[in-house]
Protein chains: 2
Amino acid sequence: MENIKVLLWGFGAMGSGMAEMLLKKKGVDITGVCDKHPQRVGKSMYELLGTPRGNRAEVIISDDIKSLVREGCVDIALLATDSFTAKAFDKIQFLLENKLNVISTAEEMAYPKASEPELTKQLNTIAKDNGVTVLGTGINPGLIMDLLVVALTGACIDVDEIEAERVNSLSPFGPAVMEEQGVGITQEEFAEGVKNNTLAGHVGFNESVGMIADAIGWKLSGPVKQSMEPIVSNVFRKTKYVEVQPGNVAGCSMKGFGYVGGEEKIRMIHPQQVEPQLEGTDTGDYIRIKGTPDIHMAIKPEIPGGIGTIAMCVNMIPHVINARAGLKTMIDLPVPRAILGDMRDLVVRD
Amino acid sequence: MENIKVLLWGFGAMGSGMAEMLLKKKGVDITGVCDKHPQRVGKSMYELLGTPRGNRAEVIISDDIKSLVREGCVDIALLATDSFTAKAFDKIQFLLENKLNVISTAEEMAYPKASEPELTKQLNTIAKDNGVTVLGTGINPGLIMDLLVVALTGACIDVDEIEAERVNSLSPFGPAVMEEQGVGITQEEFAEGVKNNTLAGHVGFNESVGMIADAIGWKLSGPVKQSMEPIVSNVFRKTKYVEVQPGNVAGCSMKGFGYVGGEEKIRMIHPQQVEPQLEGTDTGDYIRIKGTPDIHMAIKPEIPGGIGTIAMCVNMIPHVINARAGLKTMIDLPVPRAILGDMRDLVVRD
């Protein structure tokens, strides 16, 4: 059997991380990379990664997706360019219409129905019409605050309330994330950003709450409510990409609430900051289910966001290739898993 | 749409617990119960459970499975009678040949290929020939020491070693489990039982190790090694069903080891005992993955075995009805989840 062929669209931290991971795996080849960054276009993927090419074919990064894609040219495209379904839509449509399976890192695509029901229907139709599958995934949304919650409810006779908390470090992340989360700015700037809707914070509560509710059969009685507060640092904090003066913002604490019959049933707590250990904050992922039985889960420290998202996207490749055509979410497919053998062994070809 | 129809075969602690759970759910009816226990045969299921029948049809427990089963008479049969595939085989075959989907609580059926590859092939063929599906599940094997491990590796780029530990209480369990685990006997009797192979201990390491290895693509280089030690009590312990004198056996500590290329790669640690709190033992479920990244998960206290197995079997009903024909395992199907709405909403009828 031929190796599985993968196209990467987006070669920032996530896309290039997926490339590094894929190059360590058996039975899979990267056959094309699309990225618009001027310092990457025209360069060799292997050179940019600092990985020996060996006897593999050269891959030159192109900013022209049309020159890279022909109908059925790869088994799957990994799209790591956007956070929002509306922004990723045209790109996903283009890939699906070229009969390519797609995995998207866009947070909203993890459960697109929650924020974009109309676009979700369209993507499902386009995927089905072209006999391919599209999935959104990542560490969160995608696993920690949703799929893992759903899986643990599988051991429950009944569920009364769900709380998922993710306390994580933003230290490994670059300038884009610092800006989205307001790291390093003053409290006044943060307040301004919240008011003007220019701080993205965490994108995913709609998706995680929607996925959990639909999976276990709760009908949400209203929209997911969200709050966003600055995490103000008492000490100086510094990473490779940002400095935080005492009194300024070290991160962003978000909460989300899902209501069933007007009652708060699903609670999401997600404070993200750089260098949390400097003020004694223990990072971790926590799931608390009140039900029959109660379940209290802790993962300490948290599963790191960057590595986790890279791994989830690559590890879901065989499941997406094997799935029936259409738009799928993590609750439709078998559980994710590491791929330590030949990736081709996991693909069921007709 | 008509309610989903369920047949229960086996009405001990697990079967009757599934009945109680099913009676609280919407869109599903229990239409028959088979059990051989003389104190149950001929009795009303509702009377035995102490649950008002309401306007539901009477269900009288029968010891004659043939009188209860006609081709396609129910959507699914829940079989809670055995621990071993070989012992459950004829019953599963009978149900499949009557075109009924089957969920089995037999521990070996959670990954039957591990201990009974030949019977597994036969069951797969019989299920496919009859257009129905068979799944083995439960809390462990089925979730805690296998499926949950697999799901967490989904966030890993690479995995070096896996350890799963389940420290649980046997206090809620009845005489059959006390006997299987050697609770209440002397150390000499325990040693004798190990020698003569009359103590079952935990059944499931072959299955959990096999499921994990196959899921992530490790080829086991030899059989799973197991050890079994008595947990000797220093104090008097007492439950509804058993008394343990100081110096006697309060439970059974089992370990299991899976090898890849001769190296120990998967470690299972599973001490089970009555009244563990009397000597300060904290119960819990723990997963430790050494890899990229390392993952340390804890669920404290442990997810209780009885409730968990009941919930897993009932909650997997829609997934099994929806699955393609054949023998499936937990790694083939979407993640388990609680069912809080109408069960019919989860079934995709053709």
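**Figure 1. Polar contacts between chain B and chain A.** In this predicted model, 15 residue pairs, with both residues at pLDDT 80 or more, are in polar contact between chain B and chain A. A polar contact is a pair of N or O atoms within 3.5 Å; within protein, one must be able to donate a hydrogen and the other to accept it, and residues adjacent in sequence count only if both atoms are side-chain atoms. Several elements of chain B give two or more residues to the side that touches chain A: helix 6 (147-153), strand 6 (158-169), helix 9 (205-216), strand 13 (295-299) and helix 10 (305-315). Helices (H or I, at least four residues) and strands (E, at least two) are DSSP runs, numbered from the N terminus. By class, this side of chain B has 34 nonpolar, eight polar and eight charged residues. Here Ala, Val, Leu, Ile, Met, Phe, Trp, Tyr, Cys and Pro count as nonpolar, Asp, Glu, Lys and Arg as charged, and the others, Gly among them, as polar.

Residues are numbered from 1 along each chain as its sequence is written, and chains are lettered from A and ligands numbered from 1 in the order in which they are written. Local features need pLDDT of at least 70, side-chain atom pairs count only at pLDDT 80 or more, totals for chains, interfaces and linings use all residues, and side-chain values use heavy atoms, with hydrogens and water left out.

Figure 2. The contact (heavy atoms within 4.5 Å) takes 50 residues from chain B and 50 residues from chain A. Between them the two chains bury about 3,900 Å², with 65% of it on carbon and sulfur atoms. Buried area is the accessible area (1.4 Å probe) that two parts lose on being put together, summed over both. Strand 13 (residues 295-299) of chain A pairs with strand 13 of chain B in the antiparallel sense, over three bridges; pairing requires that DSSP finds at least two bridges between two strands. In this pair, A:Ala298 stands opposite B:Ala298.

Figure 3. A:Ile331 lies in the segment after strand 14 (326-328) of chain A. A:Ile331 counts as buried at 7% relative accessibility; buried means under 20% relative accessible area, exposed over 50%, and partly exposed in between (1.4 Å probe, protein chains only). Leaving aside neighbours within four places in sequence, A:Ile331 is in contact with residues of chain A, including A:Tyr111, A:Leu147 and A:Met211, and with B:Pro334 and B:Arg337.

**Figure 4. Salt bridges in chain A.** A salt bridge is a side-chain nitrogen of Lys or Arg within 4 Å of a carboxyl oxygen of Asp or Glu. The structure holds 29 of them over all chains, while the count between chain B and chain A is zero. A:Glu264 and A:Arg267 meet in a salt bridge at 2.5 Å, N to O. A:Glu264 is partly exposed at 30% relative accessibility, and A:Arg267 is partly exposed at 21%. Both belong to a network of salt bridges that also links A:Glu161, A:Glu163, A:Glu165, A:Arg288 and A:Lys290. In another salt bridge, the closest N and O atoms of A:Arg344 and A:Asp342 are 2.8 Å apart. A:Arg344 is partly exposed at 23% relative accessibility, whereas A:Asp342 is buried at 16%.

**Figure 5. A salt bridge between distant parts of chain B.** The side chains of B:Arg288 and B:Glu165 meet in a salt bridge at 2.9 Å, N to O. B:Arg288 is in strand 12 and B:Glu165 in strand 6 of chain B, 123 residues apart. B:Arg288 is partly exposed, with a relative accessible area of 25%, and B:Glu165 is buried at 18% relative accessibility.

Figure 6. Most residues other than glycine have a negative phi, and most peptide bonds are trans. The peptide bond joining A:Asn140 and A:Pro141 is cis, with omega about 0°. A:Pro141 lies in the loop between strand 5 (133-136) and helix 6 (147-153) of chain A. In chain B, the bond from B:Asn140 to B:Pro141 is cis, with omega near 0°. A:Asn197, in the loop between helix 8 (187-196) and helix 9 (205-216) of chain A, has a positive phi of about 65°. A:Asn197 is exposed, with a relative accessible area of 67%. B:Glu275 has a positive phi near 45° and is buried at 19% relative accessibility. B:Glu275 is in the loop between strand 11 (263-273) and strand 12 (284-292) of chain B.
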